[in-house]
Amino acid sequence: MKSVKKKILWSFVFLALVIFTIYVITKQSKSFTMKGFGDFIAGADLWWILLAFLGMFGFIYFEALAIRTLTGMFGYRKSRKKNLVYSSSDIYFSAITPSATGGQPAAAVFMIGDGIPTPVTTIVLLLNISLYAMTLIVLGIVCFLFAHRTLGSFDSISVILIIIGFLAQIVLVAVFLLLVFKEKIIMKIAEWGIKLLHKMHLMKRTEGIWKRLERAEAKYKECAGAIVHNKRNMMKAFFYNILQRISQMLVTVCVYMAFYGDVSKLWKIFMTQGYVVLGSNTIPIPGAVGVADYLFIDGFGEIVKDPVNIELLSRGISFYSSVIVCGILTLAVYVIKGLKGSKQKKNEK
């Protein structure tokens with residue numbers, strides 16, 4: 001019950017942040033009006049807008065394929081429909097909670113409910129989030145190597161956020177690899193830290209912590225085995241993660257083409273969006289609301305005349321629409337499963 005209340009609370013917090021962010025963005029733009037925004041949308045090329053929505057659905061679908069590939073490594077390949085539920089619940093709760101902390105537990109509930117063992121579910125979700133972080137590192141390397149001049153379109157605050165976001169992903173992946181392949185080193189550091197805190201009387205009960213550390217060590221050993229013996233599937237899942245990220249970034253490209261149609265600027269648009277993605281992974285705000293919007297308007301200010309209109313529509317499709325779609329799908333499946341469970345209990349009585 002507490003978990004449900006917390007999720008509802010975060011949903012309202014997320015909604016409040018969205019409303020506040022949109023209000024601030026539109027108020028800061030002297031030229032923005034609702035009528036002007038309506039006229040702006042009316043002048044769009046419908047086919048490019050439809051392609052933008054297709055990119056949004058690709059973001060959800062490719063994560064589902066990545067999860068399906070990883071669960072298949074352990075012999076639990078579920079249908080694409082069920083994997084869409086896993087990815088949708090992950091995306092929705094990742095969006096509304098700080099540092100995306102609610103995504104994996106929500107996906108785990110559905111996966112375990114479909115008969116995937118808890119240890120397998122934990123390993124699969126751990127591997128997937130690590131692959132996701134690796135795609136951001138690849139994106140950062142591509143941006144810095146082939147579009148370093150584009151970074152000059154951003155102000156100093158944005159550049160700091162982008163660099164921190166990139167370094168944060170490197171740290172996350174490095175820690176993951178150490179935990180998987182050099183878990184003894186990390187465990188010894190953790191043990192030393194626990195003993196020190198216990199001696200300083202900052203940690204009284206350590207029995208439960210030791211047990212959790214042992215369980216964690218066992219999970220990371222299983223992860224290492226899964227990676228070593230399933231390299232082909234790991235590469236396949238990594239490829240799906242790359243396609244997931246590209247799909248989301250192409251939404252901005254399609255929105256730009258819907259209004260401007262200047263093919264010569266496509267690479268710059270794509271790379272600028274890449275920097276926005278990197279920077280938005282810096283601050284643990286639900287859905288990076290506010291941070292991503294600031295980076296977008298800052299980066300695209302030199303490319304288009306009306307960055308606010310482009311930002312509202314692009315972000316509306318790539319992020320807000322995906323959150324709505326994932327939220328509806330997650331809620332629908334949750335309600336259906338709840339109704340089925342109630343019927344089963346009645347039949348048993």
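A charge sits over a ring if NZ of Lys or CZ of Arg is within 6 Å of the ring centre and within 35 degrees of the ring normal. The exercises below concern a predicted model.

**Exercise 1.** Determine over which rings the charged end of Arg315 sits.

*Solution.* Begin with Phe319: the charged end of Arg315 sits over the ring of this residue, 4.2 Å from its centre. Then take Tyr320: the charged end of Arg315 sits over this ring also, 5.5 Å from its centre.

**Exercise 2.** Classify the aromatic pair formed by Phe144 and Phe166, and locate its two members.

*Solution.* A search of the whole structure gives 10 aromatic pairs. In the pair of Phe144 and Phe166, the centres are 5.1 Å apart and the planes make an angle of 80°. Planes over 60 degrees apart count as edge-to-face, and the pair is therefore edge-to-face. Next, locate the rings: Phe144 belongs to helix 6 and Phe166 to helix 7 (residues 156-181), so that the pair links distant parts of the chain, 22 residues apart. Finally, ring pairs join Phe144, Phe154, Phe166 and Tyr275 into a cluster.

**Exercise 3.** Decide whether Phe144, Phe166 and Phe146 are buried, partly exposed or exposed.

*Solution.* Buried means under 20% relative accessible area, and exposed means over 50%. Phe166 has 12% and is therefore buried. Phe144 has 25%, so this residue is partly exposed. Phe146 has 56% and is therefore exposed.

**Exercise 4.** Identify the helix that gives the most to the nonpolar patch.

*Solution.* The patch, of about 460 Å², is made by Ile141, Leu145, Phe146 and Trp267. Helix 6 (residues 118-146) gives the most, with three residues. Phe146 lies in this helix.

Definitions and conventions:
Residues are numbered from 1 along each chain as its sequence is written. This is a predicted model: local features need pLDDT of at least 70, side-chain atom pairs count only at pLDDT 80 or more; totals for chains, interfaces and linings use all residues. Side-chain values use heavy atoms; hydrogens and water are left out. Patches are made of residues with over 30% relative accessible area and no salt bridge: like charges are joined within 9 Å, nonpolar side chains (Val, Leu, Ile, Met, Phe, Trp, Tyr) within 5 Å. Accessible areas come from the Shrake-Rupley method with a 1.4 Å probe; for residues, only the protein chains shown count as cover. A salt bridge is a side-chain nitrogen of Lys or Arg within 4 Å of a carboxyl oxygen of Asp or Glu. Helices (H or I, at least four residues) and strands (E, at least two) are DSSP runs, numbered from the N terminus. Buried means under 20% relative accessible area, exposed over 50%, partly exposed in between (1.4 Å probe, protein chains only). Rings of Phe, Tyr and Trp (its six-membered ring) pair if their centres lie within 6.5 Å; planes under 30 degrees apart count as stacked, over 60 as edge-to-face and the rest as tilted.
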